[in-house]
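Student: Could we go through this structure together, one question at a time?

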Amino acid sequence: MQLRSEHLYRSLRCFCLGAFSVLYAERDDLPFSFEEHTSRAGPALYEYRPLVRPYVDARGERLGALADARIVLEELGREPAAAIYAAAHSGRRDRGGEAALLRTILLPLLADVAEACGGFDWDDASFERAYDGFERTLLGERRVYAAVAPLTGISIGAQLELAEGLRVRVAAAGELAAHWPEASGLLPTGFGRETDRLCVLELERVLAPDAPAAPDAPGELADAVSALRLATAAPVAAGPVLFERLDWRPLGIRPVLPIAATEPPGEPTRLDAFRARLAADLLGKLGRAEEDPDLAEALDRWELSLFAEEPFRSEQLREALTALLGGPDGLWAATVRAAVLLGETGGERAEQLERLRALSSGEQAGGATADAVRKALVEALAHGDRAALVVSLDEALLGIRPRPAGYFAALAS
């Protein structure tokens, strides 16, 4: 093996040898697991494996106190490429978190060696292989970061792209447990078995070698969930946690934002190519809410309505529609503008107005009313400039110009 950093190799090898000597004396306490890997296409597979990773993690504080651990932590603290590991675990963009480096580099490498050895009987070749993979990740010319979160509420037939490096795909059997043995206790109920619980939401980014921190995966995945909810009206949720890896090595586990991780009520649906394209378009335009407080308010209120019960659900929808299309003119103007926006013909506009009147009359909003508010949000996002859209809707009401072309009609054609 050609070494890129001989001093790092020597210090890590000494740490692993010292840790093995400590753990070997306690090896009789090493637990094992009997794991079931289910598959829709065939029989279940079973795996019997020693749980060395949680065993090592449970003794992390004692292993970190070894003299060899102090030496290698000082070496890593001087290595700029190690900063991302500290930031991924500690949540801070610092370059000197020794406790984080212990948890994200030393203990995972030690566990890799132990898994390759099948326990704590030292084998030089196993260490060489584990170290080679680690060094290529740490000192390579680029890094490939990925975050994967379980996705519920929808099913798919084939992988669907939502943005560059962001996709919905079917989860491979056992892929999470292969990198994170503790994953089985962190997955949604029924994940991997039920039709609407077979997918993952995956974010992938290429990072510079000296990138100090991982991308904001919780924020990007939460935006993707919002776009999927707008496009499908399905009870989409991701998480409750996301699993991070760097060059296919486990990097960390982070919670998904609560609004995206909570499962709203509703019927699961199939995400087809049409609605995937709609979700992708919406995702690209959600960033406009950062510059438009009223649009941000409307999106927040609508998404909160998914989890509220009456009368709070109707109140959230009322506030969402007012923020979206009413402004200083209030809810009545918002309902009329929304009816013009959503109806292609006079009859359709009258139907939409009747549905939305439930909000202005104080009645409880039914499913059709809630769906009309969702579609109004979709149309406003698709048009881009919400303020200009309101002006064009008022001009259409006065007969000065035709009504704005509907996004759904344009996409279908």
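Tutor: Let us begin with a term: two residues are in contact when they have heavy atoms within 4.5 Å of each other. This is a predicted model, in which local features need pLDDT of at least 70 and side-chain atom pairs count only at pLDDT 80 or more, while totals for chains, interfaces and linings use all residues. Residues are numbered from 1 along each chain as its sequence is written, and side-chain values use heavy atoms, with hydrogens and water left out.

Student: Which residues does Val 56 touch, not counting residues up to four places away in sequence?

Tutor: Val 56 belongs to helix H2, residues 52-58, where a helix is a DSSP run of H or I with at least four residues, a strand is a run of E with at least two, and both are numbered from the N terminus. Leaving out residues up to four places away in sequence, the residues that Val 56 touches are Leu 23, Leu 63, Leu 107, Leu 110 and Phe 120.

Student: Is Val 56 buried or exposed?

Tutor: Buried means under 20% relative accessible area, exposed means over 50%, and partly exposed lies in between, with a 1.4 Å probe and protein chains only. The relative accessible area of Val 56 is 0%, so this residue is buried.

Student: How is H1 oriented relative to H4?

Tutor: Axes are lines fitted to C-alpha atoms, for helices over the stretch in contact, and angles run from 0 to 180 degrees between N-to-C directions. Helix H1 (residues 6-24) packs against helix H4 (residues 67-77) at an angle of about 150°, with the axes 8 Å apart. Angles under 35 degrees count as roughly parallel, over 145 as roughly antiparallel, 65 to 115 as roughly perpendicular and the rest as oblique. The angle therefore makes H1, relative to H4, roughly antiparallel.

Student: What percentage of the contacts in the protein chain with a separation of 6 or more is accounted for by residues 24 or more positions apart?

Tutor: The protein chain has 18 helices and 11 strands, and of its 413 residues 51% count as buried. Among contacts with a separation of 6 or more, the percentage accounted for by residues 24 or more positions apart is 72%.
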